[in-house]
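Load the model in your viewer and keep the sequence panel open. The stops below are given in the order in which to select them.

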Amino acid sequence: MKVKKITIILTMLFIAGLVLSACATPTPERIVETVVVTEVVTEEGETIVVTQIVEVPVEAPEEEVALPVTLDYNWGAEPPALDPSLATDTTSIDVISNLFVGLTQFDPVTGEVIPYLATEWEAGENADGEQVWTFHLRDDIAWVHYDPVSGETTQITDDDGNPRFVNAFDVEYGTKRTLNPDTASDYAYVLYILKNGVEVNSGEEGYTVDDVGVKAVDATTVEFTLRAPAGYFPAIAGMWVAKPMPQWLIEGEYGNKWTEAGLINTNGPYALESWIHGAELNLVKNPLWVDADNVQIERIEGVMVVEDSTSFAMYENNELDADD
């Protein structure tokens, strides 16, 4: 009988405690679990059953970490060069198109030439009757550097500490560099439509790279003078051999190694995260890209599998999302 009475009394006290706690000042919310605890004790020869309802703190569930949207891709081969002036194969050009902007680009649906670095362009004639194409550039595309150690992408600055944005002088330099015979570009002939392009690239006596028909009028205006009228020139102007290039880096201390991961400066929607030659090449979204919010794929993890059967087996095994 005593056992029964004690149990009833404890239960009433617990209920009263719940009522009082409901009237008290609210306390910060915490995650707890309600547990019924029953204990049998012996006091002075009497057996007592004690029943309590207690709150036990519970560890908060770990928040799910959102993984970056990643494309597992097969480049198909080792890109021989990420230098826009030297690229000759589709793999290199594919990577370069993600790292560097061109004046124009092709609409993926219609194939129409549309703005990219250039916002608009028009053709005219100079005093000598030569066709001149004038491109007007946007001024908000940053030159960036990706640090593989810290994982940070930062904007490049000039010698005075000012942020570098892609400009017409970068386009002029890149175009002239491709046609410079010292560069030994296999695709320099693509730019032979430019005035003196053939003569300069072939090393004809009396011609220097400054004679090439390209000139930055100011930071956002570049003019191309052609050897003959060409209505298709806006398509040529957007090709990899005419992309803006970082003169300060190319002519700096790294020499031909300027395209290696951790050294390269780029300006496109992606930056070069890592390049393990013969094995993998990974790109990471450039957070400083002007249209970064619309770049849905945050990482491109690319392998270099040459055999079609192997890459297809990897695709079937969900190791690849797409193949070159």
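**Stop 1: a serine and its helix**

Select S97, which is found in helix α2; helices (H or I, at least four residues) and strands (E, at least two) are DSSP runs, numbered from the N terminus. This is a predicted model, in which local features need pLDDT of at least 70 and side-chain atom pairs count only at pLDDT 80 or more, while totals for chains, interfaces and linings use all residues. Residues are numbered from 1 along each chain as its sequence is written, and side-chain values use heavy atoms, with hydrogens and water left out.

Is S97 buried, partly exposed or exposed? S97 counts as partly exposed because its relative accessibility is 35% (buried means under 20% relative accessible area, exposed over 50%, partly exposed in between, with a 1.4 Å probe and protein chains only). Show the backbone of D94: its oxygen lies 2.6 Å from a polar atom of the S97 side chain. Then pick L82, 15 residues from S97 along the chain; the two C-alpha atoms are separated by 9.8 Å.

**Stop 2: the rest of α2**

Select T91, S92, V95, I96, N98 and L99, the buried residues of α2. Looking down the helix axis, these buried residues fall within an arc of 160°, so they line one face of α2; the arc is that of the directions from the helix axis to the C-beta atoms.

At the N-terminal end of α2, select D89, which caps the helix with a side-chain oxygen 3.2 Å from the backbone nitrogen of T91.

**Stop 3: the largest pocket**

Which residues lie nearest the centre of the largest pocket? They are S97, N98, F100, Q105 and Y116, out of 21 lining residues. A pocket here is an open set of points on a 1 Å grid over the protein atoms alone, where a 1.4 Å probe fits, with protein on both sides within 12 Å along at least five of seven lines; lining residues have an atom within 4 Å of a point. About 560 Å³ of space lies in this pocket, a volume being the space filled by probe spheres set on the points. Color α2 (90-99) and β4 (104-106), as each supplies at least two residues of the lining.

**Stop 4: the second largest pocket**

Finish at the second largest pocket, with a volume of about 160 Å³. Its lining includes D139, W143, D158, R164 and W248.

Technical notes: A polar contact is a pair of N or O atoms within 3.5 Å; within protein, one must be able to donate a hydrogen and the other to accept it, and residues adjacent in sequence count only if both atoms are side-chain atoms.
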